[in-house]
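The following exercises concern a single protein chain.

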Amino acid sequence: MAPTMFDNGAKPGDLIEICRGSYEHWAVYIGGNEIVHLMPPSEDSSPFGNLLMVVDSSTAQVRRQKIWEVVGSSRFHVNNVLDDEYEPRERRIIVREACRMVGRQLPYSVATYNCEHFVTELRYGKPESRQVTTAAVIGGVAAAGVGIVALGAVLFSLLKDDDKKRHHK
C-alpha cells in the first residue's frame with residue numbers, strides 16, 4: 001500500500017523528513033497526500049545516482065508530487081525540526097508559498113541551500129539545515145582529532161629523539 005500522511009498525523013505545513021540512507025531529503029506537506037520539495041535534476045532513479053546529482057548540481061527545481069512518488073521504499077516522518085527555536089509561520093501561508101514556488105528553478109548547494117534549507121525557510125522564514133550543521137561539527141571534530149593525533153606523533157617523536165640523545169651522552 002502506498003504511504004499516506006494520515007498514517008503519520010501530518011498537517012499541511014509540516015516538514016517531512018525522508019531517510020535516504022546516506023542523507024535525508026526534506027519536503028513540506030501541503031495536504032491531500034501531496035508534498036512540495038526542492039530536487040536537483042536526476043536522470044538516474046537509483047539512490048546512488050540521486051546522491052551524485054545532489055552533490056554535483058548547482059540548480060534544483062521545486063516540485064509538487066504525491067508523497068509515495070517521492071518516498072518510494074524509504075522511511076519518512078513528520079519532523080518540524082526547529083519548532084523549539086522558531087515560531088512556525090501560519091500553515092496556510094506555508095502551503096500557499098510552497099505552491100507558488102512549484103516549477104521554479106532555484107540555485108542549489110548542498111552546503112548553503114539544499115532541500116532542508118528550502119523547507120525550513122518556508123516553515124520558519126529562515127533557511128537552515130541541521131544536516132549541514134551536523135556535518136560541519138563532525139568534520140571539525142574529525143579535523144581536530146587528526147590534529148591531536150598529528151601533535152601526539154610529533155611530541156612522541158621529539159621525546160624519543162630526546163631520550164636517544166640522553167642515552168648517547
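## Exercise 1: The chain as a whole

The protein chain exposes about 10100 Å², of which carbon and sulfur atoms supply 58%; accessible areas come from the Shrake-Rupley method with a 1.4 Å probe, and for residues only the protein chains shown count as cover. The model is predicted: local features need pLDDT of at least 70, side-chain atom pairs count only at pLDDT 80 or more, and totals for chains, interfaces and linings use all residues. Residues are numbered from 1 along each chain as its sequence is written, and side-chain values use heavy atoms, with hydrogens and water left out.

**Task.** State how many helices and strands the protein chain has, and what share of its residues count as buried.

**Solution.** Step 1: assign the elements. Helices (H or I, at least four residues) and strands (E, at least two) are DSSP runs, numbered from the N terminus. The count comes to five helices and six strands, in the sequence pattern β-β-β-α-β-α-β-α-β-α-α.

Step 1: apply the burial criterion. Buried means under 20% relative accessible area, exposed over 50%, and partly exposed in between (1.4 Å probe, protein chains only). Of the 169 residues of the protein chain, 36% count as buried.

Step 2: consider the contacts (heavy atoms within 4.5 Å). Among contacts with a separation of 6 or more, 67% join residues 24 or more positions apart.

## Exercise 2: Confidence

**Task.** Identify where in the protein chain confidence is lowest and where it is highest.

**Solution.** Step 1: take the average. pLDDT is the predictor's confidence in each residue, from 0 to 100. The protein chain averages 79, and 64% of the residues score at least 70.

Step 1: compare elements. The lowest confidence is in helix α1 (residues 47–56), with a mean of 50, and the highest is in α3, at 98.

Step 2: inspect the stretches with pLDDT under 50. For residues 43–49, the model has three contacts beyond four places in sequence. For residues 135–144, the corresponding number is zero.

## Exercise 3: Nonpolar cores

**Task.** Determine which residues of the largest nonpolar core touch the most other members.

**Solution.** A nonpolar core is a set of buried Ala, Val, Leu, Ile, Met, Phe, Trp, Tyr and Cys residues joined through side-chain atoms within 4.5 Å.

Step 1: The largest core has 21 residues, and V28, L38, V62, L106 and F118 touch the most other members. At least two residues each come from β2 (24–31), β3 (34–39), β4 (59–66), α3 (91–101) and α4 (115–124). The largest share, five residues, is supplied by α4.

Step 2: examine one member. Neighbours within four places in sequence aside, L106 contacts L38, S58, T59, A60, V62, M101, Y113 and F118.

Step 3: look for a further core. A second, separate one has ten residues, including A10, Y29, V70 and V71.

## Exercise 4: The packing of α3 and α4

**Task.** Describe how α3 and α4 are oriented and which residues meet.

**Solution.** Two packed helices are described by the angle between their axes and the distance between the axes. Axes are lines fitted to C-alpha atoms, for helices over the stretch in contact, and angles run from 0 to 180 degrees between N-to-C directions. The axes of α3 and α4 come within 8 Å and cross at roughly 140°.

Step 1: classify the angle. Angles under 35 degrees count as roughly parallel, over 145 as roughly antiparallel, 65 to 115 as roughly perpendicular and the rest as oblique. The two helices α3 and α4 are therefore oblique to each other.

Step 2: list the residues. R91, I94, E97, A98 and M101 of α3 meet F118, L122 and R123 of α4. The buried residues of α3 are I93, I94, V95, A98 and M101, and their cover includes β2, β3, β4, β6 (105–107) and α4.

## Exercise 5: Individual residues

**Task.** Is N33 buried or exposed, and where is N33 placed?

**Solution.** Step 1: locate N33 in the loop between β2 and β3. Step 2: N33 is buried, with a relative accessible area of 10%. Step 3: check the backbone. Most residues other than glycine have a negative phi. N33, although not a glycine, has a positive phi of about 60°.

**Task.** Which residues are in contact with E17, leaving aside its neighbours within four places in sequence?

**Solution.** Step 1: E17 lies in strand β1 (residues 15–19) and is buried, at a relative accessible area of 11%. Step 2: the contacts of E17 are E24, H25, W26, R75, F76, H77 and N79.
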